[in-house]
Amino acid sequence: MSQKILQIITSTKGENSSSTKLSNAVIEKLKEANPESKVQTLDLTKNPLPYLTDSQINAFYAVIPTEEQAAIIKYSEDAIQDLQESDIIVISVALYNFGIPAVLKGWIDQIARAGKTFSYSAEGPKGLVKNKKVYLSIASGAIFSEGPYKNYDFAEPYLRTVLGFLGMTDVTTFRVEGTAIPDFAENALPKALVTVEEFAF
């Protein structure tokens, strides 16, 4: 069965990015499990979505958008369409200053829209992006999965929260950690790749 994979790249390091290498490994395993998979790559470092403006927010809530407003929200409409048409989303996350890269936040702000990807009701908010599998490939210079820096990781908790709010609750995280620590750097990526290899996709 053919499935569509949306790969989102957020690191500025290009081919040298650990988070991108890890997400590439995830995609290769997914393609092994399903050779008919099709991959669409969105490199936010090369094609960032515009950050929200007052004009765009007003356009989001326009009952009948003007031609100008329709042009303003096209980035958001296209990003939401790509997301909704995907079965699997693989997000490479470079952990910057304890959080996600600004370009990834920019993408989230474009896809998180009332009436499009979530709704409010008397029972509370409801995510409208359903039946998706999400893989996070997080790279960090320090070790955040355990130890003294664990409480400083605002990337994974935030992503799980906002993705879950939109309806994407099936999230698996892979990590390459300690890339800036001399005793860990050399084996950081190989160790992370083993976790991907051993995972049952």
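Q: Which side chain does the side chain of Ser17 make a polar contact with?
A: That of Ser11, at 3.2 Å. A polar contact here is a pair of N or O atoms within 3.5 Å; within protein, one must be able to donate a hydrogen and the other to accept it, and residues adjacent in sequence count only if both atoms are side-chain atoms. This is a predicted model, where local features need pLDDT of at least 70 and side-chain atom pairs count only at pLDDT 80 or more, while totals for chains, interfaces and linings use all residues. Residues are numbered from 1 along each chain as its sequence is written, and side-chain values use heavy atoms, with hydrogens and water left out.

Q: Where is Ser17 found?
A: In the loop between β1 and α1, and Ser11 is found in the loop between β1 and α1 (18-33) too. Helices (H or I, at least four residues) and strands (E, at least two) are DSSP runs, numbered from the N terminus.

Q: Is Ser11 buried or exposed?
A: Buried, with a relative accessible area of 4%. For Ser17, also buried, the value is 1%. Buried means under 20% relative accessible area, exposed over 50%, partly exposed in between (1.4 Å probe, protein chains only).

Q: What is Ser11 in contact with?
A: Leaving aside neighbours within four places in sequence, Ser17, Ser19, Thr20, Thr45, Ala94 and Tyr96. Contact means heavy atoms within 4.5 Å. A polar atom of the Ser11 side chain also lies 3.2 Å from the backbone nitrogen of Lys13.

Q: Which residues does the UniProt "binding site" annotation cover?
A: Ser11, Ser17, Ser18 and Ser19, according to an unreviewed entry. UniProt positions are in the numbering used here, feature names are shortened, and annotations may be inferred rather than shown by experiment.

Q: Switching to α4: which residues are buried there?
A: Ser76, Ala79, Ile80 and Leu83. They cover an arc of only 100 degrees around the axis, which puts them on the same side of α4. The arc is that of the directions from the helix axis to the C-beta atoms.

Q: And what covers them?
A: The cover includes β1 (4-9), α2 (54-60), β3 (88-94) and α5 (102-111).

Q: Largest nonpolar core: which residues touch the most other members?
A: Ile91, Leu104 and Trp107, out of 31 residues. Such a core is a set of buried Ala, Val, Leu, Ile, Met, Phe, Trp, Tyr and Cys residues joined through side-chain atoms within 4.5 Å. The largest share, five residues, comes from α5.
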